[in-house]
Amino acid sequence: MISHRKFFNEEMETLPKEKLQALQLERLQAVVERAYTQNQFYRSLYDEAGVKPSDIQSLDDIRKLPFLEKKTVRAAYPYGTAMHTPGGEGGALQLHATSGTTGKSVPVFATKKDIQNWAELNARELWMVGLRPGDVMMNCYGYGLPTGGFGFHYGAMAMDVMSIPMGSDARQYERMFDFINDFGVKAFCMTPSVGLYVGNKAAEIGMDFRDTKLKIGLFGAEPWPWETRLKIEKLFNITAFDEFGMTEFLGPGMTCECEERNGMHAWADNFLVECINPETGEPVPEGQDGELVWTWLTGDGTAMIRYRSRDLSRLWWDERCACGRTHPKIASIKGRSDDAVSIRGLIVFPSQIEAALVQFPETAANFRIIVDRKNDLDTFALKVEINDATVLADTERVKTLQAHMAAAVKSITGNTPKVELVAQDSLPRATGGESKTASARVEDLRRK
């Protein structure tokens, strides 16, 4: 494999926009036809909506198709969205599923064709951020029903990069440090919260990553503000890249930043992404905030057509990025439409709180928002983990830090919280698919 080339798949990564859109329409028509004729779930869904595959004559016609809601997919459990079941030539070989934190898991069925395509998409992304054949990558995503670990693992194999399947348990940080040193790790991938936790542990023991080969970090599965990126880069002495994927589509391998780091390229030959007003379902103008809706154009084992992600972002499509790629971009995930917390009439996202707190060197990797109602008024409390236990023993320092943190949060959200500083590792941590939502960082007692 030629390591000095700029692209993993130059032909497809640089295909002109008009040709990509023509390919999208061809594949959209094919997947809708196939879903309607081969899958009872989709036939019933489209018959009820009064739409036929022949109605899709342009990319804009996708709006004739009904949205796919998670609750709808759950109602079709277990095999409702499957295009291939186990057994026979071309049958499903691998099953992944969402965490099921808020209900029944959403399964995704992968055939050999899917797995090969999945590997190529992840190889594109790893190549794009600077990995090359012969490099070593430490994979700190989970290997299990969620797809994070497997996607980058297959991608590394496809481009002759050695992958270390470390897994997502941040408590094994000492082993991570050993492997980074001993095996010459050039890149790792993990969630931002794990990155902060492990990076703070490294700082505690005085580890200097400038003495290692570590240069690249891929982070996803959680909204993370730019301030968190800067802190992680400083802790590890790396360049940090944003990536996004969903288990329902065998993510990662859906979007990733290039060296420009001004948006994540969404692979238009495999996915058609829309950006809608989450309240009305209507498309928003290019570049404006909205909810991402995804269609899997090349899914073989599973059909996912117009699936509402609830992820809030922006979408735009330039003719060609400065990196040379021609695929559209989405902005970093701001939050989720179902994660927004209304406090005293103002909408607050956990990512906003994080942006305020990471400015303080004393902040550890976790915090918890607690909202309640007393005397018909909202209360807003914030527990913040502190990475230095000696701080908690200094009453005056605690008071000062609490006041400064409260002011920082107010400057971003418009709300002043009552801040409580707590010991590191004392708050609940997200597990599995929970990290994608605010479930481990928000406790809304008003709902109980």
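Predicted model: local features only at pLDDT ≥ 70, side-chain atom pairs only at ≥ 80, totals over all residues.
Local features are given at pLDDT of at least 70 and side-chain atom pairs at pLDDT 80 or more, while totals for chains, interfaces and linings use all residues. Residues are numbered from 1 along each chain as its sequence is written, and side-chain values use heavy atoms, with hydrogens and water left out.

A nonpolar core is a set of buried Ala, Val, Leu, Ile, Met, Phe, Trp, Tyr and Cys residues joined through side-chain atoms within 4.5 Å. Here, buried means under 20% relative accessible area, exposed means over 50%, and partly exposed lies in between, with a 1.4 Å probe and protein chains only. The largest nonpolar core has 71 residues, and Tyr-42, Tyr-46, Phe-249 and Trp-294 touch the most other members. Helix α5 gives the most to this core, with eight residues. Helices (H or I, at least four residues) and strands (E, at least two) are DSSP runs, numbered from the N terminus. Another core lies apart from the largest one; it has 29 residues, including Met-176, Phe-188, Leu-235 and Phe-236.

With neighbours within four places in sequence left aside, Tyr-46 is in contact (heavy atoms within 4.5 Å) with Val-32, Tyr-36, Val-51, Leu-65, Pro-66 and Ile-305.

Rolling a probe the size of a water molecule over the atoms shows where empty space is left. A cavity is a set of points, on a 1 Å grid over the protein atoms alone, where a 1.4 Å probe fits but cannot get out; its lining residues have an atom within 4 Å of a point. Grid points are joined across faces, edges and corners, and a volume is the space filled by probe spheres set on the points. Three cavities of 30 Å³ or more are found in a search of the whole structure.

The largest cavity has a volume of about 100 Å³. Its lining consists of 12 residues, and those nearest its centre are Ala-221, Glu-222, Pro-223, Phe-244 and Ile-333. Strand β7 (residues 239-244) supplies the largest share of this lining, three residues. By class, the lining has four nonpolar, two polar and six charged residues. In this division, Ala, Val, Leu, Ile, Met, Phe, Trp, Tyr, Cys and Pro count as nonpolar, Asp, Glu, Lys and Arg as charged, and the others, Gly among them, as polar.

The second largest cavity has a volume of about 80 Å³. Among the residues that line it are Asp-114, Trp-118, Phe-249, Pro-252 and Trp-296. Helix α5 (residues 112-128) gives the most to this lining, with four residues. The lining divides into seven nonpolar, four polar and one charged residue. Phe-249, part of this lining, is also one of the residues that touch the most other members of the largest nonpolar core.

Helix α10 (residues 350-357) is largely enclosed by the rest of the structure, because eight of its eight residues are buried.

Glu-69 is found in the loop between α3 (40-49) and α4 (70-75), and it counts as buried because its relative accessibility is 18%. Its side chain is joined to that of Arg-310 by a polar contact of 2.8 Å. Such a contact is a pair of N or O atoms within 3.5 Å; within protein, one must be able to donate a hydrogen and the other to accept it, and residues adjacent in sequence count only if both atoms are side-chain atoms. Asp-444, in strand β21, counts as buried at 7% relative accessibility. The side chain of Asp-444 makes a polar contact of 2.9 Å with the side chain of Arg-446. The C-alpha atoms of Asp-444 and Ile-370 are separated by 5.9 Å, although the two are 74 residues apart along the chain.

Most residues other than glycine have a negative phi, and most peptide bonds are trans. The bond from Tyr-77 to Pro-78 is cis, with omega near 10°, and the bond from Gly-251 to Pro-252 is cis, also with omega near 10°. Asn-237 has a positive phi of about 55° and lies in the loop between α9 (226-236) and β7. Asp-425 has a positive phi near 70° and lies in the loop between β20 (418-423) and β21 (442-444).

Terms used:
1 Å grid on protein atoms, 1.4 Å probe; cavity = no way out; pocket = protein on both sides within 12 Å on 5 of 7 lines; lining within 4 Å.
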